[in-house]
Amino acid sequence: MPGELASRLQPIVAEAVTAAGFDLDSFEVQQAGRRQLVKVVVDADDGVGLDEVAEVSRKVSAALDENEHVLASAYTLEVTSPGLDRPLTERRHWRRARFRLVKVTPAEGAAFIGRVGHAGADAARVLEGGKIRDVRYAEVAKAVVEIEFKQPPAEDLKLLEDDASGMIAAETEKGSK
């Protein structure tokens with residue numbers, strides 16, 4: 001039942017989240033006694049603050065109340081933003097991790113840690129050991145952000161900025177042909 005209910009509620013919740021200016025990162029409905037627990041994880045390019053979570057929560061709650069016939073029971077709504085341990089599974093996750101250290105476990109080969117640069121359509125540019133390499137999304141088994149307690153080296157950021165400028169220029173030129 002929760003899976004069927006989730007499939008009917010997902011478009012309603014997604015529309016409310018999008019209308020509030022955020023991305024629906026994940027959505028889940030669980031049975032919690034007599035109530036339904038509706039879990040909504042939202043994200044945005046600039047992150048999501050507490051005030052924004054509250055705003056999204058109000059909008060999603062209003063949308064669910066307008067569609068109470070779909071829920072047909074009491075519910076608890078939980079709206080949150082993704083944690084640092086969320087795996088990078090989509091291009092937008094890589095884009096939002098720009099300049100962050102990530103631990104990448106490829107489908108084949110050894111895991112490595114690198115700093116994320118430009119996130120293209122099929123791959124992200126990652127600075128590892130002083131060299132920039134393409135990390136194809138399809139070839140990644142798992143990638144997660146590594147927590148850092150100091151500012152990244154300025155020379156690393158400059159390398160990634162310069163590389164991104166070249167990548168964006170190449171994509172623009174390719175798209176205009």
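Predicted model: local features only at pLDDT ≥ 70, side-chain atom pairs only at ≥ 80, totals over all residues.
According to an unreviewed UniProt entry, residues 12-85 carry the annotation "domain: Ribosome maturation factor RimP N-terminal".

In soluble globular proteins, nonpolar side chains tend to be buried together.

Val17 shows what such a position looks like from within: when its neighbours within four places in sequence are left aside, Val17 is in contact with Phe22, Asp23, Leu24, Val40, Val42, Val56 and Val60.

Another residue to look at is Leu88, which lies in the loop between S3 and H4. Although Leu88 belongs to a loop, it counts as buried because its relative accessibility is 7%, under the 20% that sets the limit for buried residues. Not counting residues up to four places away in sequence, Leu88 touches His93, Trp94, Ala97, Val102, Ala143 and Val145. Gly117 stands 29 residues from Leu88 in sequence, and the C-alpha atoms of Leu88 and Gly117 are 14 Å apart in space.

Charged side chains form a further set of links, and the count of salt bridges comes to 15. In one of them, the side chains of Arg96 and Asp23 meet at 2.2 Å, N to O. This pair links distant parts of the chain, since Arg96 is in helix H4 (residues 91-96) while Asp23 is in strand S1 (residues 23-32), 73 residues apart. Arg96 counts as buried, because its relative accessibility is 16%, whereas Asp23, with a relative accessible area of 28%, is partly exposed. Both residues also belong to a network of salt bridges that links Asp23, Asp25, Asp43, Asp45, Arg86, Glu90, Arg92, Arg95 and Arg96.

Two other salt bridges can be followed in the model. The side chains of Glu128 and Arg133 meet at 2.6 Å, N to O; Glu128 is partly exposed at 27% relative accessibility, and Arg133 is partly exposed as well, with a relative accessible area of 34%. The side chains of Lys158 and Asp162 meet at 3.0 Å, N to O, and because Lys158 and Asp162 are 4 residues apart in helix H5, they are separated by about one helical turn. Asp162 is partly exposed, its relative accessible area being 45%.

The surface also has a nonpolar side to it, for Leu84, Ile147 and Phe149 form a nonpolar patch there, with about 390 Å² of accessible area together. Ile147 counts as exposed because its relative accessibility is 54%, which is over the 50% that the term requires.

How values were computed:
Residues numbered from 1 in each chain as written. Heavy atoms only, no water. Patch = residues over 30% accessible without salt bridge, like charges linked within 9 Å, V, L, I, M, F, W, Y side chains within 5 Å. Areas by Shrake-Rupley, 256 points an atom, 1.4 Å probe, with all protein chains shown as cover. Salt bridge = Lys/Arg side-chain N within 4 Å of Asp/Glu carboxyl O. Buried < 20%, exposed > 50% of the residue type's maximum accessible area, 1.4 Å probe, protein only. UniProt positions renumbered as here; feature names shortened; annotations may be inferred. Helix = DSSP H or I, 4+ residues; strand = E, 2+ residues; numbered from the N terminus. Contact = heavy atoms within 4.5 Å.
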